[in-house]
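Hello,

Please find the structure below. My notes on it follow, written for someone who has not seen it before.

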Amino acid sequence: MKPEEQQALQTWLALEHEAVWLYGQVGARVRDLAGAARASYDAHRTERDHLLTTLHAAGATPVGPQLTYGDELVSNVRQARAAAADLEHRICAACVTVVGLAGRAGRTRAVAGLRAAALAAIDWDADPQAFPGLR
Amino acid sequence: MSRRTLLTAGIVVAAAGGAAAIGRATSTLDDVLRALGAQPHPEPDPGDMERVSRAARDQAVIVATLSAVAEQHRDASAQVKPLITLANDQLDAVGGSTANTDVAAPEGDRGTALTAVARLAARSARAREQDAVTAESPEVARLLASMAGGLAQLARTLRLAA
């Protein structure tokens with residue numbers, strides 16, 4: 001794996017760590033979104049684990065999670081939706097970067113990750129974009 | 001947005017001619033790129049030109065169908081118009097046009113029509129994903145992958161509106 005691709009995967013992984021943290025916070029703090037947060041939490045935990053496996057297999061030391069990503073964002077439904085949509089958009093951008101650097105297998109994974117994040121953004125009330133992740 | 005997208009993606013395509021089969025797509029993209037001040041690349045990948053050309057053809061059908069739905073179902077117009085703008089941005093980015101695309105609105109009520117366009121968008125999203133995976137140029141891959149994400153969002157939004 002090229003160093004640039006490895007770095008791009010690390011960026012994506014860092015965002016998946018953040019997503020696992022965020023959706024845990026949303027599920028715990030915003031009762032009306034608990035179900036949606038649980039589904040997102042599970043999806044991002046799965047993606048995080050795939051990326052950990054990929055980076056380990058490439059001989060890299062995967063980035064770890066931060067202790068916190070700030071807790072003032074998820075105290076109500078509106079803020080939680082905005083934080084989730086923003087994070088999903090950032091994951092779209094990370095996936096687009098990987099698409100440009102990876103081989104076919106890596107591209108396939110990144111394209112799937114991009115689709116999942118783009119749809120999740122809609123589910124968290126974001127407006128659709130012509131080119132998610134490319135701006 | 002669309003023209004900036006091309007620049008962001010860093011797409012470079014053929015300056016002169018290219019294979020006859022891709023001549024039209026090459027010419028279209030060259031025009032777009034020259035308008036942007038981008039430098040065309042001397043050797044385009046014919047496969048990538050065909051991938052972009054396919055995207056343009058499919059996108060023209062989506063834009064034309066969405067426009068027909070907005071015309072036929074006025075009660076959906078407010079919801080559909082922003083989506084037409086989005087789809088037009090995508091069409092513009094791949095150098096396409098609806099000038100030679102003649103489609104009718106899908107039959108049925110408003111919900112049925114919107115669902116039919118959602119299917120078109122979802123199918124195109126999958127096709128763009130496949131083309132992104134196999135694209136020769138990383139820039140074309142990024143553009144098509146992102147476009148696929150946008151089409152998936154368009155399909156989801158249309159289904160929610162149906």
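**Where the chains meet**

In this predicted model, 25 residues of chain B are in contact with 22 residues of chain A, two residues being in contact if their C-beta atoms, placed from the backbone, lie within 7 Å. On the side of chain B that touches chain A, the elements giving two or more residues are α1 (2–9), α4 (77–93), α5 (110–134) and α6 (138–161) of chain B. The element that gives the most to this side is α6(B), with 15 residues. Helices (H or I, at least four residues) and strands (E, at least two) are DSSP runs, numbered from the N terminus. By class, the side of chain B that touches chain A has 12 nonpolar, 8 polar and 5 charged residues. Here Ala, Val, Leu, Ile, Met, Phe, Trp, Tyr, Cys and Pro count as nonpolar, Asp, Glu, Lys and Arg as charged, and the others, Gly among them, as polar.

On conventions, residues are numbered from 1 along each chain as its sequence is written, while chains are lettered from A and ligands numbered from 1 in the order in which they are written. Since the model is predicted, local features need pLDDT of at least 70 and side-chain atom pairs count only at pLDDT 80 or more, whereas totals for chains, interfaces and linings use all residues.

**α3(A) against α6(B)**

The axes of α3(A) and α6(B) cross at roughly 145° and come within 8 Å. Axes are lines fitted to C-alpha atoms, for helices over the stretch in contact, and angles run from 0 to 180 degrees between N-to-C directions. This crossing of α3(A) and α6(B) is right-handed; a crossing is left-handed if the near helix is turned anticlockwise from the far one by less than a right angle, and right-handed if clockwise. From α3(A), the residues A:C92, A:V96, A:V99, A:G100 and A:L101 meet B:P138, B:E139, B:A141, B:R142, B:A145, B:S146 and B:G149 of α6(B). The residues of that contact divide into 7 nonpolar, 3 polar and 2 charged.

Two residues of α6(B) are worth a look. B:P138 is in helix α6 of chain B and touches A:G100 and A:L101, not counting residues up to four places away in sequence. B:P138 counts as partly exposed because it has 15 C-beta neighbours inside 10 Å. A residue is buried if 20 or more other C-beta atoms lie within 10 Å of its own, exposed if 12 or fewer, and partly exposed in between, with C-beta atoms placed from the backbone.

Leaving aside neighbours within four places in sequence, B:Q153 is in contact with A:A118, A:L119, A:I122, A:P128, A:Q129 and A:P132. Within chain B, the C-alpha atoms of B:Q153 and B:A122 are separated by 8.7 Å, the two being 31 residues apart along the chain.

**Inside chain A**

Helix α3 (residues 77–101) of chain A packs with α4(A) at an angle of about 160°, with their axes 8 Å apart. That makes α3(A) roughly antiparallel to α4(A), the word for angles over 145 degrees. The crossing of α3(A) and α4(A) is left-handed. By class, their contact has 14 nonpolar, 3 polar and 2 charged residues.

The 20 residues of α4(A) should span 28 Å at 1.5 Å a residue, and the end C-alpha atoms are 29 Å apart, which agrees; the expected span is 1.5 Å times one less than the number of residues. Just after α4(A), A:D125 takes a positive phi of about 80°. Most residues other than glycine have a negative phi. A:D125 counts as partly exposed because it has 13 C-beta neighbours inside 10 Å.

The buried residues of α2(A) are A:A37, A:S40, A:H44, A:E47, A:R48 and A:L51. They pack against α1 (3–29) and α4 (104–123) of chain A. After α2(A) comes A:G59, whose phi is positive, near 80°.

**Chain B as a whole**

Chain B has 6 helices and 0 strands. Of its 162 residues, 48% are buried. Among contacts in chain B with a separation of 6 or more, 77% are between residues 24 or more positions apart.

Regards

Terms used. Parallel < 35°, antiparallel > 145°, perpendicular 65-115°, else oblique.
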